[in-house]
Structure formats: structure tokens, C-alpha cells
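Let's walk through this one together, starting at the ligand and then moving out to the charged pairs.

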Amino acid sequence: MEERLYGDHTMADIDLAAVERRALDELAAACDAAAAAAWRARYLGKKGEVTQLLRGLGVLPADRRKQAGQTANRLRALLQEAFDRRRALLEASSPAPSAAIDVTLPARPHRQGHLHPITLTLREIERAFRDMGFAVVEGPQVEWDEYNFERLRIPADHPARDMWDTLWIDYERDGRYPMLLRTHTSPMQIRYIERHRPPIRVIVPGTCYRYEATDATHEWMLTQVEGLVIDEGISFAHLKGTLEAFVHRLFGPDVEARFRCDYFPFVEPGAEVAIRWRDGRWIELLGAGMVHPEILAATGYDPARYTGFAFGIGVERTAMLRYGIDDIRYFYDNALGFLEQF
Ligand code: DAH
């Protein structure tokens, strides 16, 4: 009698204990639901190894069939149980693959930033002056005392230096400390006239630094836009017309600009420009004046022929007025709640 069960094996050849060991090893290696399901098909499915084995029992003589049947059925129950446990474990330890890759889930939006309110304001200021024919140039933030003070007619020990509390660079030369973080953008007036001939019409945006305690209207880091115009026949009327046009462009045609005398060592006469704000207050926006003839002469210009005007605009101040911000310190706090409002 042939004892063929499946393949080339006879029932006598089948070592059920070995099948059990192999099946359990493979099951332990099945590390996700798909691998476990494949294992189940391999052993317990319709064409699975154990199922085939049970089916083949019919060919055995009756006396051996009963005992072999019991052994094989026990194996099947044992593997089924092992499978159930394995599946429960896999389900508990990892989400079903359909949940892990849900192709219908909308993508997480990219958080997109935008320009800082000071950059936005700076660009508006630049646009206003470009439209009036000004070029935009930049200068160094680490400056020499010579440009930041001396050649702007602010010699060492002059009381006017108190207007610009200074952060000095720790660099000694001949017993002096000649290098600093620029306290204003005015040194670019000197740098520019040194290298160019009239007509000159430039603005200089940039960051400046002051050794100051901060409060609602003062920061140790600030942004200015310097302006410089030099040509034959430039008068205070040009200064006034240019700066009035600027105020109207930025704040609206109905906003009044007030010009009053002020002192800056590098201009004569000097002025401060304030605008009348909604609540009726006058708020200072910038300093300005006619370029001092000594500065022109010192750089080789004939002051009888050439005249000019200069101005320095506080950009944080301008942004505060435009956006209605009452504390300058918000700008560099990096608080998203503030920045996201622009
Ligand atoms: N540099 C001055 C400051 O920081 C502002 C200023 C005043 C600039 C008058 C000018 C000017 O060009 O003419 O306070």
C-alpha cells in the first residue's frame, strides 16, 4: 500500500515534531501582518502543509490512521493558536499598514514665513526714494571712529559724542581704540563723497548699534536710512520738498510734516522732522540738514559751487507709526504671535 501523503514523503517519513519546530520558528520571524498571513497560508491554508497532511491520512491503514490523525490534529490546533497569538501581538505593537500609509490623508501644510516688518518698511522707504531718482548703496557696520565721528565734525571729547553712546571694538592701535559698531549711517556720507563726484543722490539703508539701555522707544540695535544729495544749486527748499514728498508717500497726503531747528555737527542748518499723528501729537521721524561746508571742503569739493542736504530716518520709528506699535522691543523679540500679524 502506498503511503504517499504529499511530495515525496510517506507518512512514516514525516516527523511532525520537526514540522512543528520549523513552523513555530518561521512564525516567530514573521514581523508584520502580511508575513503572518503568508505563514498561515503556508501551513494552515487550503493547500497548506498541515492541511495536506491531514487530507493524506485517508491512505493509511485504519489502525494507524486514528493515531496519526490525532497527532496531526493536535499540531494543527497548536499552530492555529500560535498564529492567533502572534497576530494579536503584531496588531498591538504596530498600526495596520492601511493606517500607517493613508494615501487619502491631506499633506501637512508647509509653514511659510514672510518678510520682517522692518524689512517691509525698509522696502517701502527705498521704493519712495528710488521713485525720486535716488540710488541705494550700503556701507560697513563695523566702522572707524574717523568716519563715524571725526570727519563728521565730532572730534574726541566733543560733547556731541554723548548723542551716540558707542559700542567699541576691542582693537587697539597706538594706544587708542579706533574701531566701533557704527552708531548711525552718516559715516557713509563721507565714504560716498570720497569716491564720487556730483551730482549725488543716494540713500543708505542699514543697521546701527548703540550702547543703550532698552525701553519702549530705544533699542541697542536699530535701522536707519541715510540720505545724501549734492549738486550745484541745492537749497533747503529741495530738502523740504523731498522730505515732505516722502512723508506723504508713506503716511498719506493729509499727514503734516513739521520742520524745526535741531543740532547735528555735520549739517548747518540742522533740522528735525516730525509728523502730526492721529492723536494730534508731533512725533519725530528723522534728522536732516544742509551738508556742512567744512565737510565738503575737506573732501575736495568747492563749497561755493556745490551744496547739498542730508537726512537720517529711523526705520523702527517709521514702522511703529505705520503699524501702530507702541514698543520698539517687539521687533527683535522673535515672538511669532507678533510677527505673524504682518
Ligand atoms: N545720524 C543722525 C542720528 O543718528 C541722524 C541724522 C541727522 C542724519 C541729520 C543726517 C542728518 O544725515 O543730516 O541721530
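Here is a short tour of the ligand site and the salt bridges.

First, the ground rules: this is a predicted model, where local features need pLDDT of at least 70, side-chain atom pairs count only at pLDDT 80 or more, and totals for chains, interfaces and linings use all residues. Residues are numbered from 1 along each chain as its sequence is written, and side-chain values use heavy atoms, with hydrogens and water left out.

Start with the shell of 16 residues around the ligand, where His 184, Ser 186, Arg 210, Gln 224 and Glu 226 come nearest; a residue joins the shell if one of its heavy atoms lies within 4 Å of the ligand. By class, that shell has seven nonpolar, seven polar and two charged residues, with Gly counted as polar. Strand 7 (221–232), strand 10 (282–291) and strand 11 (306–314) each supply at least two of the shell residues; strands here are DSSP E runs of at least two residues, and helices are H or I runs of at least four, both numbered from the N terminus.

The structure holds 17 salt bridges, each a side-chain nitrogen of Lys or Arg within 4 Å of a carboxyl oxygen of Asp or Glu. One joins Glu 49 and Arg 22 at 2.9 Å, N to O. That pair links distant parts of the chain, 27 residues apart: Glu 49 belongs to helix 3 (residues 49–55) and Arg 22 to helix 1 (residues 16–29).
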